[in-house]
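Thanks for coming, everyone. Please have the sequence and the model up on your screens before I start.

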Amino acid sequence: MHTKEKIEFISNWIKDYAHSNNVEALVIGISGGIDSAVTSTLSAKTGLRTFVANMPILDHKTTNERGINHIDWLKKNFSNVTDFKIDLSLVFESFKSALDKNDSEHGYANSQARLRMMTLYQIAASNNGIVVGTGNKVEDFGIGFYTKYGDGGVDISPIADCLKTEVWDMGKELNINQDIIDAAPTDGLWTDGRSDEDQVGLSYSEIEEAMLNEKSSNRQKYLEIRNNNVHKMNPIPVCILPK
């Protein structure tokens, strides 16, 4: 399927799902990255009310500005887009203070994603909407690179069958701002601003090659990362009582 066809197919899929389930609005968090930029644009193309939220927590000026610029671009191109800027930094600081000695750095990184998930669901509940996920195939079904019940907590996942390179291709076709296309992917959850590649140890092109090629030199590394995160991708274990 060509990139233009993917764009039309996914946007129509979102619209059909919404109409079939009496959904009136789509809600997407804007991070300043390519996945949320493409997903929000595909959502806006449906013509449905589309709510986009910029939710800064840490002081990542460049990433936040990319997100704000994308929201401005959306509003110029789509009259059905409404934006919210919701500063969660004080909420996060209060959360950390309340947790006292439970000060896991990794836990706090994930907690930021969960605060954003709660915010999106509040917007969705207030507007008869659904939360639209921004995870791609590499993150959601390859290496499990997302926060359980954070950015993994969504109602629909429009681009979850698309490799990261396919998302970049759609971004180019949609004329997404070039600084978003060029930016190194990051989840923005760390004070040092580490990129996805810094965390994972492989680039997205290397991960994709290892996913698709069992003989890849990076296959073992890919499987190690996947195995550590496969619990996110599997159903929650349920204790079944004997009959």
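I will go through the sheet, then its crossovers, then a pocket and a few loop residues.

Some ground rules. This is a predicted model, where local features need pLDDT of at least 70, side-chain atom pairs count only at pLDDT 80 or more, and totals for chains, interfaces and linings use all residues. Residues are numbered from 1 along each chain as its sequence is written, and side-chain values use heavy atoms, with hydrogens and water left out.

Now the sheet. Four strands form an open sheet, with parallel pairing, in the order 3-2-1-4. Strands here are DSSP runs of E of at least two residues, helices are runs of H or I of at least four, and both are numbered from the N terminus. Two strands pair if DSSP finds at least two bridges between them. Which strands stand at the edges? Strand 3 and strand 4, residues 129-131, do; each has a single partner strand, so one side of each has no neighbour in the sheet. On average, neighbouring strands are turned by 25° against each other, direction ignored. For that angle, axes are lines fitted to C-alpha atoms, for helices over the stretch in contact, and angles run from 0 to 180 degrees between N-to-C directions.

Strands of a sheet pair through backbone hydrogen bonds, either parallel or antiparallel.

Take strand 1, residues 25-30. Strand 1 pairs with strand 2 in the parallel sense over six bridges. Val27 has Phe51 in strand 2 as its bridge partner. Gly29 has Ala53 there. Toward strand 4, three bridges join the two parallel strands. There, Leu26 stands opposite Ile130.

How many residues of strand 1 are buried? Six of its six, so the strand is mostly covered. Buried means under 20% relative accessible area, exposed means over 50%, and partly exposed lies in between, with a 1.4 Å probe and protein chains only. In a regular strand the side chains alternate between the two faces of the sheet. Both faces of strand 1 are covered: Ala25, Val27 and Gly29 are buried on one side, and Leu26, Ile28 and Ile30 on the other.

Next, strand 2, residues 49-54. Five of its six residues are buried, so strand 2 is largely enclosed by the rest of the structure. Strand 2 pairs in the parallel sense with strand 3, residues 81-85, over five bridges.

Now the crossovers. From strand 2 the chain passes through helix 3, residues 61-77, to strand 3, in a right-handed β-α-β crossover. Right-handed means that, with the strands pointing away from the viewer, the path from the first strand over the helix to the second runs clockwise. Strand 1, helix 2 and strand 2 also make a right-handed β-α-β unit. Helix 2, residues 34-44, is mostly covered, with 11 of its 11 residues buried. Among them are Asp35, Thr39 and Leu42.

On to the second largest pocket. Lining residues include Met1, Phe9, Trp13, Pro158 and Glu166. Helix 1, residues 3-20, gives the largest share of the lining, four residues.

Finally, the loops. Most residues other than glycine have a negative phi, and most peptide bonds are trans. Which way does Asn22 go, positive or negative? Positive, at about 55°, although it is not a glycine. Asn22 sits in the loop between helix 1 and strand 1. At 62% relative accessibility, it counts as exposed. Asn175 also has a positive phi, near 60°. Asn175 lies between helix 7, residues 164-173, and helix 8, residues 178-182. Its relative accessibility is 57%, so it counts as exposed.

Last one: Asp59, in the loop between strand 2 and helix 3. Asp59 counts as exposed, at 73% relative accessibility. Its C-alpha is 9.4 Å from that of Gly188, 129 residues apart along the chain.

Methods
1 Å grid on protein atoms, 1.4 Å probe; cavity = no way out; pocket = protein on both sides within 12 Å on 5 of 7 lines; lining within 4 Å.
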